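Dear colleague,

Here is the structure I said I would pass on to you. Please have a look at it first, and then read on for the notes that I have put together on it.

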Amino acid sequence: MIQKELQPSALHGGDTGAPTRGASASAPRGGDWLSTIGQEIARVPLLLRHMRATWEVPGIDALQPAALERLGIRGIVWDVDGTLMRRGDTSVAGHLQSALDRLLAGGRIRHAIVSNCGEARFLALSRIFPEVPLLRVYRAPARLLRRLRLGDAERWSPGLPAAGELESARALRKPSPELMRFALAELGLPAAQVALVGDQRLTDIACANLAGLRSVKVQTLGRESFPFAVRCLQRAEEAAYRVLYRRTAHAGSVEAGSVEAA
Ligand SMILES: [Mg+2]
């Protein structure tokens, strides 16, 4: 479980220390969005069939803890950039802060963050959300390495990377369902009780669907804060969705606490 066995990071030099062993694996040349495209380009036909969210809302302020609980949601996996704040911002969008606080309060819903960001942003997010576990998975030559960061503390499983192991590893990115398997294990919940909240269909929503989670699609915050190429992909994604799903009725209302079969 999340809170056990956390140690101060062994791979980073404290709050401002640059990544050492993790650098080449988690912040590959070309940027986070380019890495995501590289990882998933061959799977686009599959992802196009998994773009439909369980629920669609304008923003997270439409999510009420009581309604989520009535729907059987006990855990949330969060996307950050475009969902909780503009890309690269250092605080939650002002109009969403109280809604997020409501969802985080009380401990009735468990939370984790899975972002496709690079290493520097990953470390920044751990300072922005010091009480929410951030999860990453790396595919090393011989095994998968799972990394949980909570504030400045980290835990790796099945154990700390060996010397040099991360240099030839790559960070898995949504929509890899492996990330959701890790999230479910850390949340201690079955897929049926967890929802992913995100703004992108081909990464966030497809990731949830491939892993058997429910999902909440929000409108992208600060679209202008994303690189031009990403904005083009976002528009292409929405166009594809409108064509492929134009005859599909919406699944239900998360605000009302009711949902039809997706
Ligand atoms: Mg996003």
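I begin with strand β5, which is joined by 2 bridges to strand β8 (residues 170–171), the two running antiparallel; in that pairing R139 stands opposite R170 of β8. Helices (H or I, at least four residues) and strands (E, at least two) are DSSP runs, numbered from the N terminus, and two strands pair if DSSP finds at least two bridges between them. This is a predicted model, in which local features need pLDDT of at least 70 and side-chain atom pairs count only at pLDDT 80 or more, while totals for chains, interfaces and linings use all residues. Residues are numbered from 1 along each chain as its sequence is written, and side-chain values use heavy atoms, with hydrogens and water left out.

The structure holds 2 aromatic pairs, a term for rings of Phe, Tyr and Trp (its six-membered ring) whose centres lie within 6.5 Å, with planes under 30 degrees apart counted as stacked, over 60 as edge-to-face and the rest as tilted. The rings of Y138 and W156 have centres 5.4 Å apart and planes at 25°, so this pair is stacked. Because Y138 lies in strand β5 and W156 in strand β7 (residues 153–157), the pair ties together parts that are 18 residues apart in sequence. Y138 is buried at a relative accessible area of 0%, and W156 is buried at 9%. The pair formed by Y241 and Y245 is also stacked, since the ring centres are 4.7 Å apart and the planes lie at 15°; Y241 counts as buried at 14% relative accessibility, as does Y245 at 13%.

Which residues hold the magnesium ion? It is coordinated by D79 (OD), D81 (O) and D199 (OD), at 2.1 to 2.2 Å, where donors are N, O and S atoms within 2.8 Å of the metal (3.2 Å for Na, K and Ca), and where sites may look incomplete, as water is not among the atoms. The donor residues are spaced D-x1-D-x117-D in sequence. D81 lies in the loop between β3 (75–78) and α5 (97–104) and D199 in the loop between β9 (194–198) and α8 (201–211), so the pair ties together parts that are 118 residues apart in sequence. D81 counts as buried at 11% relative accessibility, and D199 is buried with a relative accessible area of 2%.

Two proline positions may also be of use to you. The peptide bond from S157 to P158 is cis, with omega near 10°, and P158 has its place in the loop between β7 and β8. Another cis peptide bond joins K174 and P175, with omega about 20°, and P175 is found in the loop between β8 and α7 (177–187).

Terms used. Buried means under 20% relative accessible area, exposed over 50%, partly exposed in between (1.4 Å probe, protein chains only).
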